[in-house]
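Biologist: I'm new to reading structures. Could you walk me through one, step by step?

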Amino acid sequence: FQDINLLQYKLIRMLALPQNNIFIVGDDDQSIYGFRGARPEIMLNFEKDFSDVKKVFLSVNYRSQAAIVRGAGCVIKNNKQRFDKQIQAVRPEEEPVDIRVFKGPADENAAVIREIRDYHDQGIPYHAMAVLFRTNTQARMLLEKMMEYNIPFRTRDTVPNLYEHWIAKDILTYIEVAQGARERSKVMRIINRPKRYVHRNAFTETYADFEELKLFYEDKDWMVDRIEQLQSDLAMLVSLKPYAAINFIRKGIGYDEYIREYAEYRGIRAEDMFDILDELQEDARACETTEAWFDYIKQYGDALQEQENKKYETKEDAVQILTMHGAKGLEYEIVFLPDVNEGVAPHNKAVLDADVEEERRLFYVAMTRAKTKLIMSYVKTRLHHETDPSRFLDEIFPESAKSQT
(Lines give C-alpha, C1' and ligand atoms only; values in the text may rest on other atoms or scores of the structure.)
Protein backbone atom coordinates (compact mmCIF):
# COMPACT_ATOMS: atom_id res chain seq x y z
CA PHE A 1 0.00 0.00 0.00
CA GLN A 2 2.93 2.37 0.57
CA ASP A 3 3.58 2.47 -3.19
CA ILE A 4 0.20 3.71 -4.44
CA ASN A 5 -0.46 7.24 -5.60
CA LEU A 6 -3.39 9.49 -4.74
CA LEU A 7 -5.43 8.60 -7.82
CA GLN A 8 -5.11 4.88 -7.09
CA TYR A 9 -6.14 5.49 -3.47
CA LYS A 10 -9.24 7.38 -4.55
CA LEU A 11 -10.16 4.48 -6.82
CA ILE A 12 -9.71 1.98 -3.96
CA ARG A 13 -11.91 4.09 -1.68
CA MET A 14 -14.65 4.07 -4.31
CA LEU A 15 -14.41 0.29 -4.66
CA ALA A 16 -14.71 -0.09 -0.87
CA LEU A 17 -18.06 1.72 -0.74
CA PRO A 18 -20.67 1.57 0.66
CA GLN A 19 -19.53 -0.64 3.57
CA ASN A 20 -15.99 0.77 3.61
CA ASN A 21 -14.80 -2.84 3.37
CA ILE A 22 -11.08 -2.40 2.84
CA PHE A 23 -7.93 -4.16 4.01
CA ILE A 24 -4.46 -2.73 3.40
CA VAL A 25 -0.94 -4.01 4.06
CA GLY A 26 2.16 -1.85 3.76
CA ASP A 27 5.19 -0.28 5.38
CA ASP A 28 5.30 3.51 5.39
CA ASP A 29 9.08 3.30 5.96
CA GLN A 30 9.44 1.70 2.53
CA SER A 31 7.62 4.34 0.52
CA ILE A 32 10.37 5.09 -2.02
CA TYR A 33 8.54 5.82 -5.26
CA GLY A 34 7.86 9.51 -4.87
CA PHE A 35 8.78 10.03 -8.52
CA ARG A 36 5.74 7.87 -9.37
CA GLY A 37 3.45 9.81 -7.06
CA ALA A 38 3.64 7.50 -4.03
CA ARG A 39 3.49 9.36 -0.72
CA PRO A 40 3.71 7.96 2.85
CA GLU A 41 1.07 10.53 3.85
CA ILE A 42 -1.56 8.41 2.08
CA MET A 43 -0.93 5.60 4.52
CA LEU A 44 -0.41 7.88 7.53
CA ASN A 45 -3.79 9.56 6.92
CA PHE A 46 -5.67 6.29 6.43
CA GLU A 47 -7.10 6.42 9.97
CA LYS A 48 -8.57 9.86 9.28
CA ASP A 49 -10.45 8.52 6.28
CA PHE A 50 -11.56 5.33 8.07
CA SER A 51 -12.05 6.21 11.73
CA ASP A 52 -13.04 2.72 12.90
CA VAL A 53 -10.02 1.01 11.37
CA LYS A 54 -8.28 -1.78 13.25
CA LYS A 55 -4.48 -1.50 13.14
CA VAL A 56 -2.15 -4.52 13.42
CA PHE A 57 1.62 -4.01 13.60
CA LEU A 58 3.76 -6.67 11.93
CA SER A 59 6.78 -5.85 14.04
CA VAL A 60 8.94 -8.94 13.63
CA ASN A 61 11.75 -9.08 11.06
CA TYR A 62 12.48 -12.66 10.00
CA ARG A 63 15.10 -11.80 7.41
CA SER A 64 17.98 -9.85 8.91
CA GLN A 65 20.08 -10.56 11.94
CA ALA A 66 19.66 -8.24 14.91
CA ALA A 67 22.59 -5.85 14.26
CA ILE A 68 21.22 -4.98 10.80
CA VAL A 69 17.67 -4.48 12.09
CA ARG A 70 18.91 -2.28 14.93
CA GLY A 71 21.16 -0.20 12.63
CA ALA A 72 18.38 0.32 10.09
CA GLY A 73 16.03 1.29 12.90
CA CYS A 74 18.50 3.91 14.14
CA VAL A 75 18.43 5.51 10.69
CA ILE A 76 14.71 5.47 9.96
CA LYS A 77 13.64 6.79 13.36
CA ASN A 78 15.05 10.18 12.28
CA ASN A 79 12.13 10.60 9.88
CA LYS A 80 9.26 12.66 11.27
CA GLN A 81 6.56 11.54 8.81
CA ARG A 82 6.12 7.91 9.89
CA PHE A 83 4.35 5.55 12.24
CA ASP A 84 6.40 5.04 15.39
CA LYS A 85 7.26 1.35 15.56
CA GLN A 86 9.85 -0.97 17.09
CA ILE A 87 10.94 -3.79 14.77
CA GLN A 88 12.40 -6.84 16.49
CA ALA A 89 14.67 -9.40 14.84
CA VAL A 90 14.10 -13.13 15.19
CA ARG A 91 17.72 -13.83 14.38
CA PRO A 92 20.22 -12.92 17.11
CA GLU A 93 23.14 -10.59 16.48
CA GLU A 94 25.67 -12.49 14.38
CA GLU A 95 27.87 -9.91 12.65
CA PRO A 96 28.32 -6.19 13.36
CA VAL A 97 27.31 -3.68 10.71
CA ASP A 98 30.56 -2.49 9.15
CA ILE A 99 31.21 1.08 8.03
CA ARG A 100 34.48 1.58 6.18
CA VAL A 101 36.29 4.59 4.82
CA PHE A 102 38.62 4.66 1.82
CA LYS A 103 40.84 7.26 0.24
CA GLY A 104 39.06 7.09 -3.11
CA PRO A 105 36.86 4.97 -5.39
CA ALA A 106 39.77 2.81 -6.64
CA ASP A 107 40.56 1.62 -3.11
CA GLU A 108 36.88 1.14 -2.35
CA ASN A 109 36.26 -0.95 -5.46
CA ALA A 110 39.38 -3.03 -4.84
CA ALA A 111 38.15 -3.81 -1.32
CA VAL A 112 34.69 -4.85 -2.57
CA ILE A 113 36.30 -7.14 -5.16
CA ARG A 114 38.62 -8.63 -2.54
CA GLU A 115 35.80 -9.36 -0.11
CA ILE A 116 33.55 -10.85 -2.77
CA ARG A 117 36.33 -13.25 -3.74
CA ASP A 118 37.05 -14.09 -0.09
CA TYR A 119 33.40 -14.82 0.67
CA HIS A 120 33.13 -16.95 -2.46
CA ASP A 121 36.23 -18.91 -1.39
CA GLN A 122 34.46 -19.53 1.93
CA GLY A 123 31.62 -21.22 0.07
CA ILE A 124 29.12 -18.38 -0.33
CA PRO A 125 27.72 -18.42 -3.88
CA TYR A 126 28.01 -15.27 -5.93
CA HIS A 127 24.23 -14.95 -6.25
CA ALA A 128 23.94 -14.61 -2.45
CA MET A 129 25.89 -11.33 -2.65
CA ALA A 130 24.69 -7.96 -3.89
CA VAL A 131 26.19 -4.51 -4.39
CA LEU A 132 23.60 -1.74 -4.17
CA PHE A 133 24.11 1.75 -5.59
CA ARG A 134 22.00 4.87 -5.26
CA THR A 135 22.08 5.38 -9.05
CA ASN A 136 22.99 3.03 -11.87
CA THR A 137 25.76 5.33 -13.15
CA GLN A 138 27.80 4.68 -9.99
CA ALA A 139 28.34 1.03 -10.85
CA ARG A 140 30.59 1.62 -13.85
CA MET A 141 34.00 1.58 -12.16
CA LEU A 142 33.17 -1.49 -10.08
CA LEU A 143 31.92 -3.36 -13.14
CA GLU A 144 35.21 -2.65 -14.90
CA LYS A 145 37.09 -4.26 -12.02
CA MET A 146 34.73 -7.24 -11.95
CA MET A 147 35.35 -7.81 -15.65
CA GLU A 148 39.09 -7.54 -15.00
CA TYR A 149 38.95 -10.18 -12.26
CA ASN A 150 36.46 -12.40 -14.11
CA ILE A 151 33.85 -12.16 -11.36
CA PRO A 152 30.44 -12.95 -12.87
CA PHE A 153 27.79 -10.31 -12.24
CA ARG A 154 24.27 -9.52 -13.30
CA THR A 155 22.54 -6.17 -13.52
CA ARG A 156 18.80 -5.61 -13.55
CA ASP A 157 19.13 -1.99 -14.55
CA THR A 158 20.87 -0.94 -17.73
CA VAL A 159 24.25 0.53 -16.81
CA PRO A 160 24.88 3.63 -18.93
CA ASN A 161 28.06 3.50 -20.98
CA LEU A 162 30.11 6.57 -20.06
CA TYR A 163 31.65 6.61 -23.53
CA GLU A 164 28.21 6.89 -25.15
CA HIS A 165 27.49 10.17 -23.38
CA TRP A 166 27.50 13.11 -25.79
CA ILE A 167 30.25 14.84 -23.80
CA ALA A 168 32.50 11.78 -24.08
CA LYS A 169 31.69 11.57 -27.80
CA ASP A 170 32.76 15.20 -28.21
CA ILE A 171 36.12 14.47 -26.61
CA LEU A 172 36.66 11.27 -28.59
CA THR A 173 35.72 13.03 -31.81
CA TYR A 174 38.25 15.79 -31.14
CA ILE A 175 40.96 13.14 -30.86
CA GLU A 176 39.75 11.31 -33.98
CA VAL A 177 39.79 14.54 -36.02
CA ALA A 178 43.27 15.29 -34.69
CA GLN A 179 44.35 11.88 -35.97
CA GLY A 180 43.06 12.63 -39.44
CA ALA A 181 39.32 11.83 -39.47
CA ARG A 182 37.64 14.26 -41.85
CA GLU A 183 34.07 13.00 -42.12
CA ARG A 184 31.77 16.00 -42.35
CA SER A 185 29.69 14.84 -39.37
CA LYS A 186 32.75 14.51 -37.12
CA VAL A 187 34.29 17.86 -37.97
CA MET A 188 30.91 19.58 -37.63
CA ARG A 189 30.46 17.96 -34.21
CA ILE A 190 33.47 19.68 -32.69
CA ILE A 191 34.10 22.79 -34.74
CA ASN A 192 31.73 24.96 -32.68
CA ARG A 193 32.49 23.41 -29.32
CA PRO A 194 33.68 25.94 -28.19
CA LYS A 195 32.00 28.46 -30.46
CA ARG A 196 34.00 29.39 -33.55
CA TYR A 197 30.90 30.51 -35.44
CA VAL A 198 31.59 28.30 -38.46
CA HIS A 199 28.34 27.96 -40.43
CA ARG A 200 27.18 24.57 -41.66
CA ASN A 201 26.92 26.04 -45.18
CA ALA A 202 30.72 26.16 -45.18
CA PHE A 203 30.71 22.35 -45.46
CA THR A 204 29.88 21.53 -49.04
CA GLU A 205 31.23 17.98 -49.30
CA THR A 206 30.84 14.75 -47.29
CA TYR A 207 34.44 15.20 -46.13
CA ALA A 208 35.74 18.39 -44.57
CA ASP A 209 38.84 20.18 -45.78
CA PHE A 210 40.22 22.93 -43.56
CA GLU A 211 41.86 24.66 -46.53
CA GLU A 212 38.47 24.80 -48.27
CA LEU A 213 36.97 26.19 -45.05
CA LYS A 214 39.53 28.97 -45.05
CA LEU A 215 38.72 29.73 -48.70
CA PHE A 216 35.02 29.93 -47.80
CA TYR A 217 35.90 32.62 -45.23
CA GLU A 218 38.73 34.28 -47.18
CA ASP A 219 37.07 37.68 -46.86
CA LYS A 220 36.81 37.32 -43.07
CA ASP A 221 40.30 37.30 -41.59
CA TRP A 222 39.07 36.60 -38.05
CA MET A 223 37.35 33.41 -39.22
CA VAL A 224 40.48 32.24 -41.02
CA ASP A 225 42.44 32.88 -37.81
CA ARG A 226 40.01 30.71 -35.84
CA ILE A 227 40.29 27.83 -38.30
CA GLU A 228 44.08 28.07 -38.30
CA GLN A 229 44.08 28.06 -34.50
CA LEU A 230 41.94 24.90 -34.57
CA GLN A 231 44.42 23.29 -36.97
CA SER A 232 47.26 24.19 -34.62
CA ASP A 233 45.36 22.77 -31.61
CA LEU A 234 44.63 19.52 -33.46
CA ALA A 235 48.29 19.18 -34.40
CA MET A 236 49.19 19.56 -30.72
CA LEU A 237 46.68 16.84 -29.74
CA VAL A 238 48.28 14.19 -31.92
CA SER A 239 51.41 13.97 -29.77
CA LEU A 240 49.64 13.83 -26.40
CA LYS A 241 48.72 10.81 -24.29
CA PRO A 242 44.96 10.39 -23.68
CA TYR A 243 44.95 11.99 -20.21
CA ALA A 244 46.95 15.02 -21.39
CA ALA A 245 44.89 15.24 -24.59
CA ILE A 246 41.64 15.53 -22.65
CA ASN A 247 43.18 18.12 -20.38
CA PHE A 248 44.32 20.15 -23.40
CA ILE A 249 40.87 19.94 -25.01
CA ARG A 250 39.29 21.15 -21.78
CA LYS A 251 41.73 23.89 -20.78
CA GLY A 252 43.73 24.74 -23.89
CA ILE A 253 41.05 24.54 -26.55
CA GLY A 254 38.31 25.80 -24.23
CA TYR A 255 35.84 22.90 -23.98
CA ASP A 256 35.25 23.55 -20.26
CA GLU A 257 34.15 27.08 -21.06
CA TYR A 258 31.79 25.72 -23.71
CA ILE A 259 30.26 23.38 -21.10
CA ARG A 260 29.88 26.24 -18.64
CA GLU A 261 28.04 28.35 -21.22
CA TYR A 262 25.94 25.36 -22.32
CA ALA A 263 24.88 24.61 -18.72
CA GLU A 264 23.96 28.24 -18.08
CA TYR A 265 21.92 28.42 -21.28
CA ARG A 266 20.09 25.16 -20.47
CA GLY A 267 19.63 26.00 -16.80
CA ILE A 268 21.38 22.84 -15.59
CA ARG A 269 24.23 22.15 -13.18
CA ALA A 270 27.63 22.55 -14.83
CA GLU A 271 29.18 20.50 -11.99
CA ASP A 272 27.36 17.36 -13.13
CA MET A 273 28.82 17.76 -16.61
CA PHE A 274 32.29 18.44 -15.28
CA ASP A 275 31.98 15.21 -13.27
CA ILE A 276 31.60 13.33 -16.55
CA LEU A 277 34.68 15.03 -17.95
CA ASP A 278 36.65 14.36 -14.76
CA GLU A 279 35.67 10.69 -14.80
CA LEU A 280 36.52 10.37 -18.47
CA GLN A 281 39.91 11.98 -17.93
CA GLU A 282 40.68 9.85 -14.89
CA ASP A 283 39.74 6.73 -16.86
CA ALA A 284 42.21 7.66 -19.59
CA ARG A 285 45.10 8.08 -17.16
CA ALA A 286 46.04 4.38 -17.25
CA CYS A 287 46.41 4.30 -21.05
CA GLU A 288 49.72 5.24 -22.61
CA THR A 289 48.43 5.57 -26.17
CA THR A 290 45.24 6.66 -27.85
CA GLU A 291 45.06 3.29 -29.61
CA ALA A 292 45.13 1.43 -26.28
CA TRP A 293 42.43 3.72 -24.89
CA PHE A 294 40.18 3.28 -27.92
CA ASP A 295 40.67 -0.52 -27.75
CA TYR A 296 39.69 -0.48 -24.09
CA ILE A 297 36.57 1.59 -24.83
CA LYS A 298 35.47 -0.93 -27.46
CA GLN A 299 36.10 -3.91 -25.18
CA TYR A 300 34.19 -2.25 -22.35
CA GLY A 301 31.24 -1.49 -24.63
CA ASP A 302 31.17 -5.08 -25.91
CA ALA A 303 31.27 -6.44 -22.34
CA LEU A 304 28.38 -4.18 -21.29
CA GLN A 305 26.35 -5.32 -24.28
CA GLU A 306 27.05 -8.94 -23.43
CA GLN A 307 25.78 -8.32 -19.89
CA GLU A 308 22.68 -6.64 -21.26
CA ASN A 309 22.00 -9.62 -23.54
CA LYS A 310 22.08 -12.13 -20.67
CA LYS A 311 20.40 -9.89 -18.09
CA TYR A 312 17.38 -12.15 -17.83
CA GLU A 313 19.26 -15.44 -17.66
CA THR A 314 18.94 -17.09 -14.26
CA LYS A 315 21.32 -20.06 -14.47
CA GLU A 316 24.65 -18.31 -13.97
CA ASP A 317 25.93 -17.89 -10.42
CA ALA A 318 26.59 -14.14 -10.40
CA VAL A 319 26.91 -11.21 -8.02
CA GLN A 320 23.85 -8.97 -8.24
CA ILE A 321 24.51 -5.31 -9.10
CA LEU A 322 21.40 -3.27 -8.36
CA THR A 323 20.13 0.19 -7.58
CA MET A 324 18.55 0.69 -4.18
CA HIS A 325 15.18 1.11 -5.89
CA GLY A 326 15.69 -2.07 -7.90
CA ALA A 327 16.59 -4.08 -4.79
CA LYS A 328 13.26 -3.53 -3.04
CA GLY A 329 11.63 -6.84 -2.11
CA LEU A 330 14.85 -8.81 -2.55
CA GLU A 331 17.26 -10.27 0.01
CA TYR A 332 20.88 -11.44 0.07
CA GLU A 333 23.22 -12.99 2.59
CA ILE A 334 25.81 -10.27 2.06
CA VAL A 335 25.11 -6.72 0.91
CA PHE A 336 27.65 -4.03 0.01
CA LEU A 337 26.60 -0.39 0.05
CA PRO A 338 29.46 1.66 -1.46
CA ASP A 339 29.55 5.42 -2.05
CA VAL A 340 27.64 6.29 1.12
CA ASN A 341 28.60 9.95 0.80
CA GLU A 342 26.71 13.21 1.04
CA GLY A 343 25.40 14.08 -2.39
CA VAL A 344 24.90 10.39 -3.16
CA ALA A 345 22.86 9.23 -0.16
CA PRO A 346 21.04 11.50 0.33
CA HIS A 347 21.22 12.51 -3.32
CA ASN A 348 22.24 16.10 -3.99
CA LYS A 349 18.85 16.69 -5.65
CA ALA A 350 17.10 16.04 -2.32
CA VAL A 351 16.68 19.63 -1.15
CA LEU A 352 13.38 19.68 0.76
CA ASP A 353 12.86 17.90 4.08
CA ALA A 354 10.35 15.56 2.42
CA ASP A 355 12.97 14.64 -0.21
CA VAL A 356 15.57 13.85 2.45
CA GLU A 357 13.05 11.69 4.30
CA GLU A 358 12.43 9.69 1.12
CA GLU A 359 16.18 9.30 0.67
CA ARG A 360 16.36 8.01 4.25
CA ARG A 361 13.58 5.50 3.52
CA LEU A 362 15.47 4.38 0.42
CA PHE A 363 18.61 3.88 2.49
CA TYR A 364 16.57 1.93 5.06
CA VAL A 365 15.31 -0.36 2.29
CA ALA A 366 18.87 -0.89 1.07
CA MET A 367 20.16 -1.77 4.54
CA THR A 368 17.41 -4.28 5.18
CA ARG A 369 18.15 -6.27 2.02
CA ALA A 370 21.03 -7.86 3.98
CA LYS A 371 20.36 -11.06 5.90
CA THR A 372 23.73 -11.77 7.53
CA LYS A 373 26.39 -9.21 6.61
CA LEU A 374 26.03 -5.52 5.76
CA ILE A 375 29.14 -3.63 4.62
CA MET A 376 28.87 0.09 3.97
CA SER A 377 31.66 2.38 2.83
CA TYR A 378 32.40 5.94 1.83
CA VAL A 379 35.34 7.71 0.23
CA LYS A 380 37.30 10.79 1.30
CA THR A 381 37.92 12.08 -2.23
CA ARG A 382 36.28 11.57 -5.60
CA LEU A 383 37.75 12.91 -8.83
CA HIS A 384 40.15 15.06 -6.80
CA HIS A 385 37.35 16.64 -4.76
CA GLU A 386 36.96 16.09 -1.03
CA THR A 387 33.71 14.40 -0.05
CA ASP A 388 31.84 13.97 3.22
CA PRO A 389 30.37 10.77 4.65
CA SER A 390 26.59 10.52 4.51
CA ARG A 391 24.65 11.89 7.47
CA PHE A 392 22.90 8.51 7.54
CA LEU A 393 26.11 6.88 8.78
CA ASP A 394 26.21 9.19 11.80
CA GLU A 395 22.69 8.05 12.60
CA ILE A 396 23.86 4.43 12.88
CA PHE A 397 27.03 5.02 14.90
CA PRO A 398 28.22 8.21 16.55
CA GLU A 399 31.77 7.48 15.38
CA SER A 400 32.63 8.01 11.71
CA ALA A 401 33.73 4.48 10.87
CA LYS A 402 34.43 1.14 12.43
CA SER A 403 37.47 0.36 10.32
CA GLN A 404 39.67 2.26 7.92
CA THR A 405 41.57 1.22 4.83
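Biologist: Which residues does aspartate 170 touch, leaving out those up to four places away in sequence?

Modeller: This is a predicted model, and in it aspartate 170 is in contact with Arg189, Ile190, Arg193, Tyr255 and Tyr258. Aspartate 170 itself sits in helix H7.

Biologist: Is aspartate 170 buried or exposed?

Modeller: The cut-off for buried is under 20% relative accessible area. Aspartate 170 has 0% relative accessibility, so it counts as buried.

Biologist: Why do residues three or four places apart in an α-helix point the same way?

Modeller: The general idea is that an α-helix has 3.6 residues a turn, so residues at that spacing point the same way.

Biologist: Now let's step back. How many helices and strands does the chain have?

Modeller: There are 16 helices and 11 strands. Of the 405 residues in the chain, 48% are buried. Contacts tell you about the fold too: among those with a separation of 6 or more, 76% join residues 24 or more positions apart.

Biologist: What about charge, with how many positive and negative side chains?

Modeller: The chain carries 57 positive and 69 negative side chains, and the centres of the two sets are 4 Å apart.

Technical notes
Residues are numbered from 1 along each chain as its sequence is written. This is a predicted model: local features need pLDDT of at least 70, side-chain atom pairs count only at pLDDT 80 or more; totals for chains, interfaces and linings use all residues. Side-chain values use heavy atoms; hydrogens and water are left out. Helices (H or I, at least four residues) and strands (E, at least two) are DSSP runs, numbered from the N terminus. Buried means under 20% relative accessible area, exposed over 50%, partly exposed in between (1.4 Å probe, protein chains only). Contact means heavy atoms within 4.5 Å. Lys and Arg count as positive and Asp and Glu as negative; His and the chain ends are not counted. The place of a charge is taken as NZ of Lys, CZ of Arg, CG of Asp or CD of Glu.
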